[in-house]
Amino acid sequence: MRTKIVAGNWKMHKNAEETEDLLNELIDKLPDGKEARVIVAPTFVNLASAVDHLEFTNIGVAAQNMHQAESGAFTGEISADMLKSIGVNTVILGHSERRAYFHETDALLAEKVNTALKHNLEIIFCFGEELKDRQSGNHFNIVENQLKDALFHLEGKDWENIILAYEPVWAIGTGETATPEQAQEMHHFIRETLAARFGAVADDVSILYGGSVKPENAAEIFGKPDVDGGLIGGAALKAADFAAIVAAI
């Protein structure tokens with residue numbers, strides 16, 4: 001049975017004091033029920049303090065990225081072992097901004113996935129088409145290839161540690177949002193693509209929608225049968241908005 005999940009990607013926002021303030025607000029405002037897993041992804045420098053701050057809550061902590069190598073002369077990078085050592089057990093990989101600004105390829109992401117799984121890290125794996133792909137009608141092919149090139153070398157058991165996050169790149173930070181019907185159409189296609197390769201495993205994989213989810217549209221998007229929650233960007237930086245999105249699930 002797949003899990004409902006709402007994850008907040010804070011990107012390069014919030015210093016140490018601001019992180020503590022936002023975490024305190026979230027602890028105060030988030031619903032008490034356990035209808036969904038809630039995860040936040042602060043910046044690297046605030047991960048350890050976030051883990052400590054949230055120790056006795058139902059809020060999990062994820063890293064926004066990690067390097068594929070175990071260690072080495074990779075100035076500024078963070079390894080899987082480093083994340084594990086401070087109590088971080090989830091990592092976001094393949095975010096559209098990492099792909100666009102830092103030129104991360106599917107081949108590189110396959111390496112990162114392998115390293116994360118080796119260290120028993122849970123992965124929120126991001127993928128999705130750009131506007132030109134959607135307009136040309138090539139969006140299904142793009143998504144299928146991203147999944148196949150980065151994840152289809154895995155074994156069925158590996159999927160126990162993988163959460164998928166579909167990001168229509170044209171709907172991130174633009175104010176544009178895929179309609180609930182468009183989100184469902186793609187999520188269903190993703191699940192069918194997984195089923196063709198991995199069988200019944202596809203029924204247990206949570207697929208999140210990541211594209212300008214707001215309190216106003218969250219309930220309708222989350223109400224679709226193949227949408228299992230959201231990877232939230234801007235709205236995750238406002239405690240009231242994020243709490244409302246969690247409540248919508």
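The following questions and answers walk through a predicted model of one protein chain.

Biologist: How many helices and strands are there in the protein chain?
Modeller: The chain fills a box of roughly 45 × 45 × 35 Å along its principal axes, going by the C-alpha atoms. Its secondary structure comes to ten helices and eight strands.

Biologist: What is the radius of gyration of the protein chain, and why does it count as compact?
Modeller: For 249 residues the globule rule gives 18 Å, and the chain comes close to that, so it is as compact as a globular protein of that length. The radius of gyration is 17 Å.

Biologist: What share of the contacts between residues at least 6 apart joins residues at least 24 apart in sequence?
Modeller: As background, 51% of the 249 residues count as buried. Among contacts between residues at least 6 apart in sequence, the share joining residues at least 24 apart is 72%.

Biologist: How far apart are the end C-alpha atoms of helix 1?
Modeller: Helix 1 covers residues 16-29, which is 14 residues. At 1.5 Å a residue it should span 20 Å, and the model agrees with this expectation. The end C-alpha atoms are apart by 20 Å.

Biologist: Which residues of helix 1 are buried, and on what arc do they lie?
Modeller: The buried residues are Thr 19, Leu 22, Leu 23 and Leu 26. Because the arc they cover around the axis is so limited, they sit on the same side of helix 1. In general, residues three or four places apart in an α-helix point the same way, because there are 3.6 residues a turn. The arc in helix 1 is only 100 degrees.

Biologist: Which exposed residues does the opposite face of helix 1 carry, the one turned away from its buried side?
Modeller: The buried side has cover that includes strand 2 (37-41), helix 2 (47-53), strand 3 (59-63) and helix 10 (239-248). The face turned away from that side carries the exposed residues Glu 17 and Asp 28.

Biologist: Which residue has a side-chain oxygen that reaches a backbone nitrogen at the start of helix 1?
Modeller: The backbone nitrogen belongs to Glu 17, and the oxygen comes to within 3.2 Å of it. The side chain that reaches it is that of Asn 15.

Biologist: With which side chain does Glu 122 make a polar contact?
Modeller: Glu 122 is in strand 5 and is buried, with a relative accessible area of 14%. Residues it touches include Arg 37, Ile 39, Thr 90 and Asn 161. The polar contact, at 2.8 Å, is with the side chain of Thr 90.

Biologist: Which backbone oxygen does the side chain of Lys 4 reach?
Modeller: Lys 4 is in the segment before strand 1 (5-9) and counts as partly exposed at 29% relative accessibility. Lys 4 and Val 246 are 242 residues apart in sequence, yet their C-alpha atoms are 9.8 Å apart. Contacts of Lys 4 include Glu 35, Phe 222 and Val 227. At 3.4 Å, the side chain of Lys 4 reaches the backbone oxygen of Val 227.

Biologist: What is the phi of His 103?
Modeller: Most residues other than glycine have a negative phi. His 103, in the loop between helix 4 and helix 5, is exposed at 62% relative accessibility. Its phi is positive, near 60 degrees.

Key: Residues numbered from 1 in each chain as written. Predicted model: local features only at pLDDT ≥ 70, side-chain atom pairs only at ≥ 80, totals over all residues. Heavy atoms only, no water. Helix = DSSP H or I, 4+ residues; strand = E, 2+ residues; numbered from the N terminus. Expected span 1.5 Å × (residues − 1). Buried < 20%, exposed > 50% of the residue type's maximum accessible area, 1.4 Å probe, protein only. Arc of directions from axis to C-beta. Contact = heavy atoms within 4.5 Å. Polar contact = N/O pair within 3.5 Å; in protein donor to acceptor, adjacent residues only side chain to side chain. Rg over C-alpha atoms; globule rule 2.2 N^0.38 Å.
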